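Please read them alongside the sequence and the coordinates.

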Amino acid sequence: MQQELVPSKDKTSVMRSTWLKGFPGTRPGDLIFRGMTLVSVFIVIAIVVGIAWILVADSMPTIRQAGFSFLTRQDFDPVHDIYGVLPAIYGTLVTSAFALIFAIPIGVGTAIFLVEYCPRPLRMPLAFFADLLAAVPSVVFGLWGFLILARWLQHTGQPWLQQHLGFLPLFQGPPLGVGILAAGMVLTIMVLPLIVAVSREVMLTVPRSQREALLALGATRWEVIRHAVLPLSRVGIFGGIILALGRALGETMAVTMVIGNQATKPSLRLFDTGYTLSSVIANQFGEATPGLFLSALVEAGLIVFLITMITNILARVLISCLGRRYAPGVKV
Amino acid sequence: MLLRAWKRVQLKQSHFNRLGSALLLGLVMLLAACGESSGNQANTTSCPSVNRLNGAGSTFDNPLFSKMFTEYASTGCHVHVNYQSIGSGAGINDLLQNVVDFGATDSPMKDADLAKSKNGPIIHIPVTLGTEAITYNLPGISSQKLKLTGPIIADIYLGNTKYWDDSAIKQINSDLSLPHTPISVVHRSDGSGTTGIFTHYLTDVSPEWNSKVGYGTTVAWPVGVGGKGNDGVAAQVQSTTGAIGYVELAYATQNHINYALLENKTGKFLPPSLDGGEAAATNVTTIPDDLRFFITNTSGDKSYPISGFSWVVVYQNQSNAAKGQVLADLLWWMVHNGQQYAAPLTYAPLPDAIVKQDEAKIKLLKCGNSSCYKG
């Protein structure tokens, strides 16, 4: 059972060669348009390089003074000009990981339901709801998290977890409401629509023939999903997850409002307060005086930038591996 | 509550909108300048050619400054002051980079920052003062019932005192039945002059705090939960049994938050008040020449110990004479007539002694070879 999923190699190579050949003597409109697209590309590149340059240049004072210890120290202490962001790096990674762990199954599950099980009249309104979640500004999630979720956690959620699962290190410590758990939960909700929307669109592109072929072989609904829909849309779903991870890593406002903003020693305890790199910047920037303090905040920004870049590169590599496995023709 | 939180979010976002608002401001000024050149030339001769000033800094000052500057625009030469409450540190930055005419800060500039000035000396002018309340959440213990001392608060914020029925707290609150509830410490997560004054108080009363943490608008808190803004702290305190936090007095009174009586240097237990702040400012023993000083933990029966000034910072040598003159006039007005707007907004008016000092400072502003202030 072989199926072409991506435009064949020939087609892309044809496109590429016309691009190269087309330069001399085609119509002026073409040339102008091509020039404009080229300029846009350079603008994008210039912006990214410019941001990276400023981040590196402005964080030089702390890079020189603190060096590698900036990444390993626990205290961020402007009074004594000692800066370390280990808890913030940990908080950034943990809250994002938490969000993905919960958002992936829920998001992909929602998408599967919308595409495969949902009665047709309900599909549009339900999808609309999921998309609406993406349109809510992050401060609103923050407000909701701070005023409702955190309080509920403090008075109901966390005591319940402690009572029933308190033997796990995850659920120890005083219930404060705000903390890693609340931040992770808010992030889960925030990244959910990205995963749902992308997964849904990708699943809709799985050819009908694939589904029908499996059904013809006597597969159940679940087997169709398991052996046709999911493998064929895997790359796309993964792309959605990367988008979600990007948002989770960089999210500032909502997280700042619920994470507790107290650097604590990295631990497994979800009830602990935490810090993320972006919320360090958001909290301290207004009062940061020029010099090492400001430079430390810029370096925190640089680290977010690097983390995002590394995860993106890893994701590309993974996608290309997945793509190679499944693109030439899917073996079911 | 929602509204308050929303306001705070807007406030916070404004830190990030600096560049945007600076650009917008530039645009507006450009437009305004274009508009003026045709219209306003036949003005009274006594008014200087400049009628716009830009300031930036402290968020604590913002409500007072908004009121003052609105009033000021309708007096005399109709000078409009654009004030951006982007935080004290950012205000200092803007002054150092010469993008504003004055900065406003809740903690005096440090020597290192003063040294960064490329335009000569910077003058500190106290313009208002505020006090802070210690707020708590103990069911059954209403406002102004709990008594606290400096060393006790320091021990709580250091994480040394962990329960409300600690012997030190019990000893001064023999009339209360304190529960064996863990103390949940709440502090500001964002850099703030409120934190600057509070931590300065703790360094005054606790050698351990002084050596371990120190004071500043942002410190490395040993324990606790960080809340954003006064309302972030208040909300966290209100939702956590056994919590303790610190907020500005204006915030505490407007929102009917429980606060503690605090022991001052002479052993009197006082609630936070404007009078207490003013007394603290009056009773300060030595006022340094540059007016960079804290008034935490001053002596005197009526002095409330967690009080502090807020300053306007300006360059002594004004490069633009017309602007310097307008600035000097504004500052003069702020420390005199402007003070009438302080009390209604829960800021303490400046004591006379400080006003005298301010006058001397304002006269020091130089436009070329002469003083900017013509009086």
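1. Chain contact. In this predicted model, 32 residues of chain A are in contact with 40 residues of chain B, contact being defined by C-beta atoms, placed from the backbone, that lie within 7 Å. On the side of chain A that touches chain B, the elements giving two or more residues are strand 1 (76-77), helix 7 (138-165), helix 11 (253-258) and helix 12 (277-284). Helix 7 of chain A gives the most, with 6 residues. By class, this side has 15 nonpolar, 13 polar and 4 charged residues. Here Ala, Val, Leu, Ile, Met, Phe, Trp, Tyr, Cys and Pro count as nonpolar, Asp, Glu, Lys and Arg as charged, and the others, Gly among them, as polar. Helices (H or I, at least four residues) and strands (E, at least two) are DSSP runs, numbered from the N terminus.

2. Conventions. Residues are numbered from 1 along each chain as its sequence is written, and chains are lettered from A and ligands numbered from 1 in the order in which they are written. As the model is predicted, local features need pLDDT of at least 70 and side-chain atom pairs count only at pLDDT 80 or more, whereas totals for chains, interfaces and linings use all residues.

3. Nonpolar core. The largest nonpolar core holds 183 residues, of which Val186(A), Ile195(A) and Val258(A) touch the most other members. Such a core is a set of buried Ala, Val, Leu, Ile, Met, Phe, Trp, Tyr and Cys residues joined through C-beta atoms within 7 Å; buried denotes 20 or more other C-beta atoms within 10 Å, exposed 12 or fewer, and partly exposed the range in between. Helix 8 (residues 180-204) of chain A gives the most to this core, with 17 residues. Beyond its neighbours within four places in sequence, Val186(A) is in contact with Phe141(A), Gly145(A), Leu149(A), Ala254(A), Val255(A) and Val258(A).

4. Most residues other than glycine have a negative phi. His78(B), however, has a phi near 55°, and His256(B) has one near 50°. His78(B) is found in the loop between helix 3 (62-73) and strand 2 (80-84) of chain B, and His256(B) lies in the loop between helix 11 (249-254) and strand 9 (261-263) of chain B. His78(B) is exposed, with 12 other C-beta atoms within 10 Å; His256(B) is also exposed, with 8.

Note on methods:
Contact = placed C-beta atoms within 7 Å.
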